[in-house]
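Here is a short tour of a structure, chain by chain. Keep the sequence and the 3D view open as you read.

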Amino acid sequence: MTPVHSFWSEVLGGGLSGYILLALLLFVIGLATVLIRRSLLVQFMGVELMLNAANVALLAFARFRNGDVRATTFYLFIIAVAACEAAVGLALIVGLYRHRQTTDSDRADALRQ
Amino acid sequence: MFLTFALVTLVGALAMSRQKNLIVAGLCLVLSFIGMAGIFLLLSNPVAAALQIIVYSGAIVVLVLFVIMLLNAHEEEPAGKARPVQRWAGALAAAVLGAGAFKLVAVSPALHPANVQPTIPAMTLGQLGSDLFHHHLLAFEAVGLLLLAAMVAAVLLVKRDL
Amino acid sequence: MPKLLALIPLLPLLGFVSIGLFGRKAGKPAVSCVAVGLVVLSFVLSAAAFRGLADAPGGRIAVEYAEWLSVGDLKVPFGLVFDPLSGLMALVVTGIGALIHLYSVGYMAHEEGYARYFAYLNLFVFFMLTLVLGSSLPLLFVGWEGVGLCSYLLIGYYFETEVASAAGLKAFLANRVGDLGMTIGMMALFAAFGTLTISDILAQAGRLSPEAGFGVLTFATLMLFLGATGKSAQIPLYVWLPDAMAGPTPVSALIHAATMVTAGIFMICRLAPLFQLAPITLTVVAWVGGATALFAATIGLLQRDIKKVLAYSTVSQLGYMFLGLGAGGFAAGFFHLFTHAWFKALLFLGAGSIIMAMHHEQDLFRMGGLKNKLPVTFWTMAIATLCIIGFPGTSGFASKDEILYLAYLKSPALWAMGVAGACCTAFYMARLFTLAFLGEPRDAHAFEQAQESPRTMLLPLAALAAGALLAVFLGWPAAFGGSFRIEHFLEPALAFGRTNALQAPPHEGHPVLLAVISTALALGFAAFGYATYRNGLGAAEARAARFPGLHRLVLAKYYVDEALEATLYAFVRWLGNLMWKLFDVILIDGLGVNGPGVMTAIAGDFTALFQTGRVRNYALGMTLGVLALLFIFLT
């Protein structure tokens with residue numbers, strides 16, 4: 001177990017722990033955005049943030065394993081998938097707006113019991 | 001340097017999550033992405049940094065902004081019913097998750113890899129390309145197919161009559 | 001050969017099954033042949049076994065067929081015992097039973113449920129024989145319960161009527177109370193002796209000496225006596241017998257005069273060595289018997305329904321039997337059972353003949369002058385009446401006086417009760433006879449139509465009369481120069497297993513004097529009864545007007561039924577209602593049936609709370625799930 005003060009010095013000095021901590025914080029912020037905000041579009045932005053947090057973690061690990069190109073390749077694929085998701089997700093939001101005239105996720109509760 | 005970029009990223013993220021005006025929220029997201037691009041640069045990966053700005057902030061966020069403007073949803077709608085439980089529970093859950101994950105990860109030996117070189121050669125497009133087309137061709141084709149499928153799906157989903 | 005013993009009860013069972021299944025289709029003649037024939041066959045077999053008793057080792061034929069119960073220490077075999085006691089009883093059951101079956105052919109000829117009647121009657125004979133011949137208490141109890149069941153079925157034969165159904169139920173339920181006593185008694189006996197086979201119990205009991213105070217045996221025998229009061233209609237469980245007259249008259253004759261109600265006496269005789277070890281029980285038996293004898297006889301004085309008079313008479317005579325048993329005269333009590341079976345069955349069948357002739361009229365106050373219209377019935381019933389009032393020289397005289405003498409030896413008060421009862425008996429029997437046969441007819445229309453019954457009914461009457469007369473030879477009392485043969489005959493059975501001879505009650509005192517007093521009083525009351533009623537009801541009504549309160553009280557049977565209704569029945573109904581509200585409605589319906597439904601609904605409503613349809617809430621749920629996993633990983 002690393003002593004606490006050396007952990008924080010590593011963080012501040014740009015060590016792996018720092019990047020991971022950053023990724024973690026970004027993920028948590030993204031999650032909080034999804035949970036707290038009602039607008040579907042803001043929730044979508046939060047999801048993008050979570051994805052990117054994962055990206056940060058991925059590339060940080062790649063760097064500290066002395067540069068693995070496969071990480072970047074995977075990063076590319078992640079972007080591609082995120083783009084697909086964005087397309088379909090936004091299409092859904094538009095569809096919902098067309099039917100319900102709302103982009104509030106709380107109003108899209110037709111499946112409630 | 002790390003600290004700067006990290007702060008930029010985090011500030012952008014926080015601002016995005018708190019912003020009432022959706023357009024401004026999108027722009028805060030862009031700021032966050034720029035910060036992340038800087039992080040990637042620090043990680044000796046200029047390719048990733050470029051891709052981040054071009055694709056993420058330049059395409060995806062733009063798409064989101066288009067949709068916001070299309071739907072005229074600049075402001076978040078007023079709540080039908082205020083649900084403090086969800087908000088507070090959500091925030092709490094996320095915070096606890098973060099704290100827990102942090103505790104879990106901090107003790108991991110993976111955080112201290114051996115033989116870390118102080119500098120490494122930066123990633124190049126050539127490297128990326130050759131790796132992509134030599135070793136991950138099938139995945140590349142599959143992703144292309146996926147993109148096609150997503151396009152078709154998006155078109156179909158917003159058609160008025162099928 | 002001994003193995004064939006089982007046929008005696010099984011033949012009537014076969015009758016029940018075959019008539020029950022095919023009776024309706026086969027038609028009345030076939031049913032009659034099968035039913036009567038099988039009982040006659042049983043009688044023949046019983047007679048054959050009876051003859052074989054003399055040659056049998058130990059004077060008894062005991063057969064064991066198979067093992068029945070084997071639970072822990074309790075081992076009960078399927079077995080039958082034919083000894084002087086059970087053999088004589090079997091002869092009575094099958095013999096008188098056969099006669100009554102024959103009588104029923106005539107009496108029930110116009111009934112719709114002909115096959116049903118004979119099926120039940122055969123079933124009854126089967127159960128009664130099981131009771132009588134059973135080698136163990138559980139088997140006896142099977143017969144005990146079975147005759148109770150048949151009694152219910154046959155009393156409720158006219159089940160379309162409220163009266164009959166209620167009476168059947170009353171009989172069954174009163175018997176159930178007694179059966180509880182039987183069961184407890186059996187359990188106590190098992191605890192004391194470790195076995196329920198009668199011969200084993202008696203063998204063990206033979207080595208014991210009488211209990212000084214209230215011990216296990218006294219408790220057990222008292223409980224068994226409680227069962228006997230139920231089955232044999234003694235105080236306090238007699239209330240069902242008068243109501244049981246709602247059944248067909250032959251049923252009353254067979255079940256409620258000659259056989260089923262005598263099961264209690266038979267049981268006590270069967271276990272005589274055991275009862276002799278519990279002097280307290282015997283005292284209780286004697287006093288209950290004596291009280292019942294007097295009590296029931298007083299009620300019989302004023303009853304209008306001919307069958308009800310005979311019913312109370314039966315209760316009273318059963319009381320005499322118990323009086324005899326309690327006074328130590330087991331043979332005397334059993335002898336009275338024997339003689340009573342003949343003349344009481346005869347009285348009932350004769351009453352049935354009258355009822356048939358009068359087109360189902362049962363009210364004595366509407367009869368009269370039937371002497372010349374129903375000659376056979378008249379003479380046979382005259383014989384029976386003489387027997388029951390104890391006319392000197394009749395079998396009834398012999399058995400009753402033996403009992404009264406033994407009662408006197410036990411306690412003069414008991415003797416006085418018995419004599420008072422005998423006086424009442426003489427009075428009401430004379431009253432019955434006079435009102436039915438003598439004097440002027442009170443219902444001219446019915447009188448015109450009356451005619452003698454068919455031969456199938458008259459033959460049994462004659463046979464029973466002959467039996468009643470001849471029975472006297474079995475037990476002419478020693479005091480009058482006879483040898484009281486029956487006592488010697490029953491000795492092996494009544495003293496089974498006894499190793500140390502128990503003293504027979506000493507025959508001191510003045511038997512002849514006592515007999516003369518009681519007989520003279522009885523005859524006097526009989527004459528009094530005749531005199532009162534021979535000119536119609538006028539004299540009686542005048543006398544009744546002088547004691548209106550007392551008259552009302554006795555006529556209303558001392559309001560016993562009403563008292564029971566107000567107290568016991570009301571309590572049971574209240575308890576039942578409470579149980580219903582508590583257990584049925586709340587526990588079973590509410591908790592058991594509705595419970596799961598309501599719980600499911602509540603659970604469903606609860607889980608539906610989580611189905612908000614909102615993405616945010618679901619995302620929160622997922623996050624909480626991940627948190628849980630995290631928690632697991634951290635610890």
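## Chain A: burial and build

Start with burial. Of the 113 residues in chain A, 55% are buried. This is a predicted model, and every value here is computed from it.

Chain A is built from helices. It has four of them and zero strands. Read along the sequence, the pattern is α-α-α-α. The C-alpha atoms fill a box of roughly 55 × 30 × 20 Å along the principal axes. The radius of gyration of chain A is 18 Å, whereas a compact globule of 113 residues would have one near 13 Å. Now take the contacts in chain A with a separation of 6 or more: 43% of them join residues 24 or more positions apart.

## Where chain A meets chain B

How many residues of chain A are in contact with chain B? The count is 64 residues of chain A, and they touch 72 residues of chain B. Four helices of chain A each supply at least two residues to this side: α1 (4–12), α2 (16–36), α3 (40–64) and α4 (69–100). The largest share comes from α4(A), with 22 residues.

## Chain B: six helices, two domains

Chain B also lacks strands: it has six helices and zero strands. From the N terminus on, its elements run α-α-α-α-α-α. The domain assignment gives chain B two parts, domain 1 (1–76) and domain 2 (124–162). The centres of domain 1 of chain B and domain 2 of chain B, taken over C-alpha atoms, are 23 Å apart.

The C-alpha atoms of chain B fill a box of roughly 55 × 45 × 25 Å, again along the principal axes. Chain B has a radius of gyration of 20 Å; for a compact globule of 162 residues the value would be near 15 Å. Buried residues make up 26% of the 162 residues in chain B. Among contacts in chain B with a separation of 6 or more, residues 24 or more positions apart account for 57%.

## Where chain B meets chain C

Chain B touches chain C as well. Here 11 residues of chain B are in contact with 10 residues of chain C. The side of chain B that touches chain C has seven nonpolar, three polar and one charged residues.

## Chain C: a helix with a buried side

Look at helix α7 of chain C, residues 198–205. Its buried residues are C:Ile198, C:Ile201, C:Leu202 and C:Ala205. Why do they sit on the same side of α7(C)? They cover an arc of only 95 degrees around the axis, so they share one side of α7(C). Helices follow a general rule: an α-helix has 3.6 residues a turn, so residues three or four places apart point the same way.

What covers these buried residues of α7(C)? The cover includes α5 (137–155), α6 (162–193), α11 (263–270) and α12 (272–275) of chain C.

## Chain C: a hairpin

Chain C has strands too. Strand β1 (residues 61–71) and strand β2 (residues 74–82) of chain C pair in the antiparallel sense over nine bridges. Across this pairing, C:Ala66 stands opposite C:Phe78 in β2(C).

Together, β1(C) and β2(C) form a hairpin with two residues between them. In the turn, C:Gly72 has a positive phi of about 60 degrees.

Conventions: Residues numbered from 1 in each chain as written. Chains lettered and ligands numbered in written order. Predicted model: local features only at pLDDT ≥ 70, side-chain atom pairs only at ≥ 80, totals over all residues. Domains from an automatic or database assignment. Rg over C-alpha atoms; globule rule 2.2 N^0.38 Å. Buried ≥ 20, exposed ≤ 12 C-beta atoms within 10 Å, placed from the backbone. Contact = placed C-beta atoms within 7 Å. Nonpolar A, V, L, I, M, F, W, Y, C, P; charged D, E, K, R; others polar. Arc of directions from axis to C-beta. Pairing = 2+ DSSP bridges.
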